[in-house]
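Dear colleague,

I am passing on a structure for you to look through, and my notes follow it. Please keep it open beside you as you read.

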Amino acid sequence: MLQVSELSASYGAIRAVRNISLHVPEGSLVAVLGANGAGKSTLVQSIAGVHREKTGSVRLGGRAIQKLPLHRITRMGLALVPEGRHVVTSLTVAENLGLSAFSGRSRPDLLDRVYSLFPRLAERRAQEAGLMSGGEQQMLAMGRALMTDPKVLLLDEPSMGLAPSIIDIIYTAIAALHQEGQSILLIEQDATRALQVADHAHLLQRGEVHMSGSPAELANSEDIRKAYLG
Ligand code: ATP
């Protein structure tokens, strides 16, 4: 479904992502793990078309998207939930969700899907997003991406800055989406959480893929245990 080949990305002279290839087969959940500064956000932003200084190819459903503008990439079915959420704080929950529905096409089925995944958003649909907790804003950011009916959902550190009980809710929703057949690329620093839901995982170090394998293979590796699992 999503095929990334030999992707490199820079900020001027800094090469943050080096020659990364990975594949998200249809219906699968692939995790990319790594410490602060490993290049995870740059990788996902390069895939999503937000970061433009890059080489290599990104294919979605067989079509090359690496040169397309952001709105076309979204229309083709790639949706990014960025690190830090970035919901529109002055708008309500319902208005934020309405923002990303394609103009002229009302999709009540997608809204129903979001509200059944996150009942909290349904309860607070008239609430201004800026007055909600970090966890609720994370739900809203995921809901907003789902309103574009994505073929592949890109999640950049969905657990960041949240309390463990809220992370449980977010990861229950991620597992439910996976169960429904949603293809997902999950970027995460919390290896324990990510390896519990992933089908396959990659460990990024200094912009490169250091190791790839099944969650069990990564969880058993000395590198991961020492650095990420304690
Ligand atoms: P974090 O979880 O802290 O966001 P990350 O794994 O997502 O880490 P990136 O944010 O992709 O890592 O950063 C990768 C490298 O690129 C780091 O060395 C970082 O300092 C550098 N970098 C990131 N953004 C910029 C920028 N706007 N300008 C210059 N260098 C940057």
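An oxygen atom of the ligand lies 3.4 Å from an N or O atom in the side chain of Glu83, which falls within the cut-off for a polar contact (a pair of N or O atoms within 3.5 Å; within protein, one must be able to donate a hydrogen and the other to accept it, and residues adjacent in sequence count only if both atoms are side-chain atoms). For Asn36, the side-chain N or O atom is 2.8 Å from an oxygen atom of the ligand, and for Thr42 a polar side-chain atom is 2.5 Å from one. Taken alone, the ligand exposes 630 Å², of which the protein buries 61% (areas come from the Shrake-Rupley method with a 1.4 Å probe; for residues, only the protein chains shown count as cover).

Please bear in mind that this is a predicted model, in which local features need pLDDT of at least 70 and side-chain atom pairs count only at pLDDT 80 or more, while totals for chains, interfaces and linings use all residues. Residues are numbered from 1 along each chain as its sequence is written, and side-chain values use heavy atoms, with hydrogens and water left out.

The shell around the ligand holds 14 residues, and those that come nearest are Asn36, Gly37, Ser41, Thr42 and Glu157 (a residue is near if one of its heavy atoms lies within 4 Å). Helix H1 gives the most to this shell, with three residues (helices, H or I, have at least four residues and strands, E, at least two; both are DSSP runs, numbered from the N terminus).

Helix H6 covers residues 134–146, and at 1.5 Å a residue its 13 residues should span 18 Å, which agrees with the 18 Å between its end C-alpha atoms (the expected span is 1.5 Å times one less than the number of residues). Of these 13 residues, 12 are buried (buried means under 20% relative accessible area, exposed over 50%, and partly exposed in between, with a 1.4 Å probe and protein chains only). Their cover includes strand E6, helix H3 and helix H7 (contact means heavy atoms within 4.5 Å).

Glu6, however, has a positive phi of about 45 degrees; Glu6 is found in strand E1 and is exposed, with a relative accessible area of 53%. Arg206 also has a positive phi, near 45 degrees, and lies in the loop between strands E9 and E10, where Arg206 counts as exposed at 67% relative accessibility.

With best wishes
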